[in-house]
Amino acid sequence: MSTPSPAITTYRPMPSRTAWVAGEIRRGILSGHFAAGSPLAEVELATLYGVSKTPVREALKTLAGQGLVSFSEFKGAAVTVVDRALVKDVFEVRMLLEPTAVAATVRARADVTEAGELLRRAAEATTHEERSDLNRAFHRTLYAGCGNIQLIDILDGLRERTALISVTLWQSDPSWATEATEHAALWEAATAGDATKVERLTREHIEQFATRCIARFE
């Protein structure tokens, strides 16, 4: 009798402790558990996650690079404060870059079929956090095929700041129906291969979202 071959398993490296802690803190921020402006004490976080202060300190530095955490000389780390200036700055840059990237994706005939699936899943989402994540993934699918790695990296960074803005300003009264309608129009233009239209719709969509967010400060 022949000896059966051993099962072949795919090696999947475990995330480092720092990466794991960063992911947990990020989830805490983008779920609203750690509200914008709230302090992030290393000792408390180390106790919460059952680790030493070192991975917590490194994780906070990583999140600071993503715009989710800010450091003060006297107060230490805190969740970045969402104010009118931050909202204005983030969306101004997105309006300059994202429409161009989405149009380039369409002109390159990149595969954007995943965007349609993300729209469907967003419509069926049961929590604000899940739907917000899926909406941001939808946007990334549309610009990720632009062919410019530097542009993608910049927009990816802005996604994290947009996520913080969304969870801070939209948690109590999100306009999901409006978002869904605008996303459907973007998807239709992208699948039709109309780069000019998708560029215009992307710019209008970001501008309208920014207007709704800024109105929360009035």
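## The strand pair

In this predicted model, strand 1 is connected to strand 2 by a hairpin of 3 residues.

## The cavities

The count comes to 2 cavities of 30 Å³ or more, and the largest cavity holds about 230 Å³ of space. The largest cavity is lined by 20 residues, of which Arg 94, Arg 136, His 139, Thr 162 and Glu 179 are the closest to its centre.

By residue class, the lining of the largest cavity divides into 8 nonpolar, 7 polar and 5 charged residues. At least two lining residues come from each of helix 4 (84–107), helix 6 (128–143), helix 7, helix 8 (176–191) and helix 9 (195–214).

## Thr 162 at the lining

Thr 162, which is among the lining residues closest to the centre of the largest cavity, belongs to helix 7, a helix that spans residues 149–169. Its relative accessibility is 5%, and because buried means under 20%, Thr 162 counts as buried.

The side chain of Thr 162 is joined to that of Arg 94 by a polar contact of 3.3 Å, and Arg 94 is likewise listed among the residues closest to the cavity centre. Leaving aside residues up to four places away in sequence, Thr 162 touches Val 90, Phe 91 and Phe 209 as well as Arg 94.

Key
Residues numbered from 1 in each chain as written. Predicted model: local features only at pLDDT ≥ 70, side-chain atom pairs only at ≥ 80, totals over all residues. Heavy atoms only, no water. Pairing = 2+ DSSP bridges. Helix = DSSP H or I, 4+ residues; strand = E, 2+ residues; numbered from the N terminus. Buried < 20%, exposed > 50% of the residue type's maximum accessible area, 1.4 Å probe, protein only. Polar contact = N/O pair within 3.5 Å; in protein donor to acceptor, adjacent residues only side chain to side chain. Contact = heavy atoms within 4.5 Å. 1 Å grid on protein atoms, 1.4 Å probe; cavity = no way out; pocket = protein on both sides within 12 Å on 5 of 7 lines; lining within 4 Å. Points joined across faces, edges and corners; volume = space filled by probe spheres on them. Nonpolar A, V, L, I, M, F, W, Y, C, P; charged D, E, K, R; others polar.
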